[in-house]
Amino acid sequence: MILLRLFWTFLTIGMVSFGGGYAMLPLFERMIVHEQGWLSASLFIDMIALSQVTPGPIAINSATFIGFQISGVLGALFSTIGVVFVPVILIGFASYYSEQFKESKIVKALFVGLRPALVGLIFSSVFSIARQSIIDLYGIGILGVVLFLLMKVKLHPILVIIVSGILGVIIYL
Amino acid sequence: MLFIQHFFCYDINKIGRDSMQISLTRLFFTFLKIGAFTFGGGYAMIPIIERELVYRYKYIKTEDFYDTLIICQSLPGVIAINFSVFIGLKLRGVRGAVVAAVGVALPSFIIIMTIAAFFFQYIENPIVEAFFKGVRVSVVGLIFLAGFKLLKQNRSYFGVFVAALTFALIVTFEVHPFIIIVSMGLFGLLITKTKEVMNHDPS
């Protein structure tokens, strides 16, 4: 039963996962953390960081991580297949009708609304994760360093994550 | 029926290379490599996929690659998986799709399970705990940067309005993100249709 619930939850997420991993995070948080209670809020953020320092798409990584934690290897398998299930079927149709699909006015029209909505989705994730992660003034300091390293120094995200971890050890240990 | 037929015998010439057929093993290992060496999500994979499939092995033409990219981006799902399924399907039918998709997902699947198995033993350790307290802050920065980049591409009044509306609906009114995504898509449809009708109006 738990396997089916994993499958169904990730299928629902996969069905509307437009625009890459980050735009999916509010949906993940809502369904995995709040509705199902499969991860705590802080573990959810740790998982995003883990997805960043390991290869592979964030949706696959998260589905595998959560599925494995809930129900072992089978759980990981059911969640991962669930998250790609609907998209893969759609891709099958799209590859058959690729010429019509490319020119489709309906698809273009959908994205008139979706594209800016993705921005809002990502920022709502920033807001809710910031509320969890920035626990004191030091946190704001770390965020300043992180943004400086990412935007000015253009340091690789993996290195930025490691630097922030080291700052965490220096400050919070 | 035609759809099923297409799955099993697709005309290879349609997507590019006309002489040699890619072996399933080669397809698997090409996508395995793509899955194993790209950090930072699907969009980081696109240049690697292009290098491997278009320039190195010449399995697909550049223009087909970009057409495929557009299709994969306009459907829901993980871009790397969408891509591998699409390419696998075109090159070797259903078997190709399965082989490519498993190849691209397998590295992260195994690595994440290995990490998950050890993660919970060490998360209680005070050093690891302090480390992750710092790491969590960097997640805020990373996602902020992704949002900021996307915002720059949507700098119209309409774009900022929809983004702000989406943000407010989720954060303040706690509307389910699923409902928001579906309704914003429909909203886009409605606006485009309205515009069309107005443009066709002779007055």
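A residue counts as buried if 20 or more other C-beta atoms lie within 10 Å of its own, as exposed if 12 or fewer do, and as partly exposed in between, with C-beta atoms placed from the backbone. This is a predicted model, where local features need pLDDT of at least 70, side-chain atom pairs count only at pLDDT 80 or more, and totals for chains, interfaces and linings use all residues. Residues are numbered from 1 along each chain as its sequence is written, while chains are lettered from A and ligands numbered from 1 in the order in which they are written.

**View 1. Lys154(A) sits in a loop of chain A.** The loop runs between α7 (137-151) and α8 (157-172) of chain A; helices here are DSSP runs of H or I with at least four residues, strands are runs of E with at least two, and both are numbered from the N terminus. Lys154(A) isn't a glycine, yet its phi is positive, at about 55°. Buried or exposed? Lys154(A) is exposed, with 8 other C-beta atoms within 10 Å.

**View 2. Glu174(B) has a positive phi too, though it is not a glycine.** Its phi is about 50°. Look for Glu174(B) in the loop between α7 (157-171) and α8 (177-200) of chain B. Glu174(B) is exposed, with 10 other C-beta atoms within 10 Å.

**View 3. Chain A splits into two parts, domain 1 (2-133) and domain 2 (135-173).** These bounds come from an automatic or database domain assignment. The C-alpha centres of the two domains lie 26 Å apart. Each domain puts 4 residues into the contact; two residues are in contact if their C-beta atoms, placed from the backbone, lie within 7 Å. On the domain 1 side, helix α3 (residues 41-53) of chain A gives the largest share, 3 residues.

**View 4. Chain B is made of 8 helices and 0 strands.** Of its 203 residues, 40% count as buried. Chain B averages a pLDDT of 82, and 86% of the residues score at least 70; pLDDT is the predictor's confidence in each residue, from 0 to 100. Among the elements of chain B, α7(B) has the highest mean pLDDT (91), and helix α1 (residues 2-8) of chain B has the lowest (46). Over residues 1-19 of chain B the pLDDT is below 50, and beyond near neighbours in sequence this stretch has 22 contacts in the model. Where pLDDT is low, the predicted coordinates should not be read in detail.

**View 5. Chains A and B meet through 91 residues from chain A and 81 from chain B.** Which helix of chain B supplies the largest share of the side that touches chain A? That's α6(B), with 22 residues. By class, the chain B side has 56 nonpolar, 21 polar and 4 charged residues. Ala, Val, Leu, Ile, Met, Phe, Trp, Tyr, Cys and Pro count as nonpolar, Asp, Glu, Lys and Arg as charged, and the others, Gly among them, as polar. The model scores ipTM 0.86 and pTM 0.82.

**View 6. The largest nonpolar core holds 111 residues.** Such a core is a set of buried Ala, Val, Leu, Ile, Met, Phe, Trp, Tyr and Cys residues joined through C-beta atoms within 7 Å. The residues that touch the most other members include Leu118(A), Ile122(A), Ile81(B) and Ile143(B). Helix α5 (residues 79-122) of chain B brings the largest share, 18 residues. Leaving aside its neighbours within four places in sequence, Ile122(A) is in contact with Tyr22(A), Ala23(A), Ile143(B), Ala146(B), Gly147(B) and Leu150(B).
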